[in-house]
Amino acid sequence: MRIALISDVHSNLVALEAVLADAAGRGAEAIWNLGDTVGYGPDPNDVVARLSEAGAVSVLGNHDAAATGAIGTDWFNSLAAEAAAWTRAHLEPETAAYLSGLSEVAREGDWSLAHGTLRQPLWEYLITEEAAEGHFALQETPYSAVGHTHVPLLVRQGTAGVEGETPVPGEAVALGEGLLCVNPGSVGQPRDGDPQSSYALIDTEAGTVTHYRVPYDIGETQRRMEEAGLPRGLAERLGYGR
Ligand code: ZN
């Protein structure tokens, strides 16, 4: 089976549609969504409805928890807090119910799914060796997937320790024997300097994972953000992938 691994959609429906179309074209039959489904962007309700209809497996991100009021926004920077307040004010009851029902960690077959890390699913960034070791210590499946950083990454726990690797788009990577953690990057707000949407495709039969970049109509999302009255800086960063 082929599974589209997505994260950090951040209410960007135009980007999500482009990624789902690309994944469907590559034979994806399931969607695993690593959270921060809402926050920052203009289309929280449509994004959640689209993923819910598609039967996506989703976990909770910090922005999702802020949108429902489950957590406060004291730890958010001012633009993120402003967008979180906007999202909360515009959430339809079905969207809030969907987000409120999400768990912080999910297990699907050989995979554990979380937004940040298994140690701190809502908040921790898997960007240091220490965080990776803490994450792998709690990983009871061979493979795991996290988001939160908005930067695609492959991390392995081998006999020589933890090793990180930046995936090359379109290049299939063997899942391998040791513990592996995959970050698919962000669909709705990439931050690695490439403004195109990022996601990964798991092929369970081939035993591989492949990252992909997908162009989308960034101007259309920026237009919707302006119309919604969301902070201009959040719209502008989409153009730079930062
Ligand atoms: Zn995020």
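## The largest pocket

The largest pocket is lined by 16 residues, and Tyr-40, Asn-62, His-63, Tyr-125 and His-148 lie nearest its centre. Here a pocket is an open set of points on a 1 Å grid over the protein atoms alone, with protein on both sides within 12 Å along at least five of seven lines; lining residues have an atom within 4 Å of a point. The pocket holds about 200 Å³ of space. Its lining has 6 nonpolar, 6 polar and 4 charged residues. Ala, Val, Leu, Ile, Met, Phe, Trp, Tyr, Cys and Pro count as nonpolar, Asp, Glu, Lys and Arg as charged, and the others, Gly among them, as polar.

This is a predicted model: local features need pLDDT of at least 70, side-chain atom pairs count only at pLDDT 80 or more, and totals for chains, interfaces and linings use all residues. Residues are numbered from 1 along each chain as its sequence is written, and side-chain values use heavy atoms, with hydrogens and water left out.

## The cavity

A search of the whole structure finds 1 cavity of 30 Å³ or more. A cavity is a set of grid points where a 1.4 Å probe fits but cannot get out. Volume means the space filled by probe spheres set on the points, which are joined across faces, edges and corners.

Tyr-40 also lines the largest cavity, along with residues including His-10, Asn-12, Gln-189 and Met-225. The cavity lining has 4 nonpolar, 5 polar and no charged residues.

## Strand β12

Buried means under 20% relative accessible area (1.4 Å probe, protein chains only). Strands are DSSP runs (E, at least two residues), numbered from the N terminus. Side chains in a regular strand alternate between the two faces of the sheet. In β12, Thr-208, Thr-210, Tyr-212 and Val-214 are buried on one side, and Val-209, His-211 and Arg-213 on the other.

β11 (residues 197-203) runs antiparallel to β12, joined by 7 bridges. Two strands pair if DSSP finds at least two bridges between them. Leu-201 has Thr-210 as its bridge partner. β9 (residues 173-174) also pairs with β12 in the antiparallel sense, over 2 bridges.

## Asn-33

Asn-33 lies in strand β2 (residues 30-33). Asn-33 is buried, with a relative accessible area of 0%. Its side chain makes a polar contact with the side chain of Ser-58 at 3.0 Å. A polar contact is a pair of N or O atoms within 3.5 Å; within protein, one must be able to donate a hydrogen and the other to accept it, and residues adjacent in sequence count only if both atoms are side-chain atoms.

Methods. Helix = DSSP H or I, 4+ residues; strand = E, 2+ residues; numbered from the N terminus. Buried < 20%, exposed > 50% of the residue type's maximum accessible area, 1.4 Å probe, protein only.
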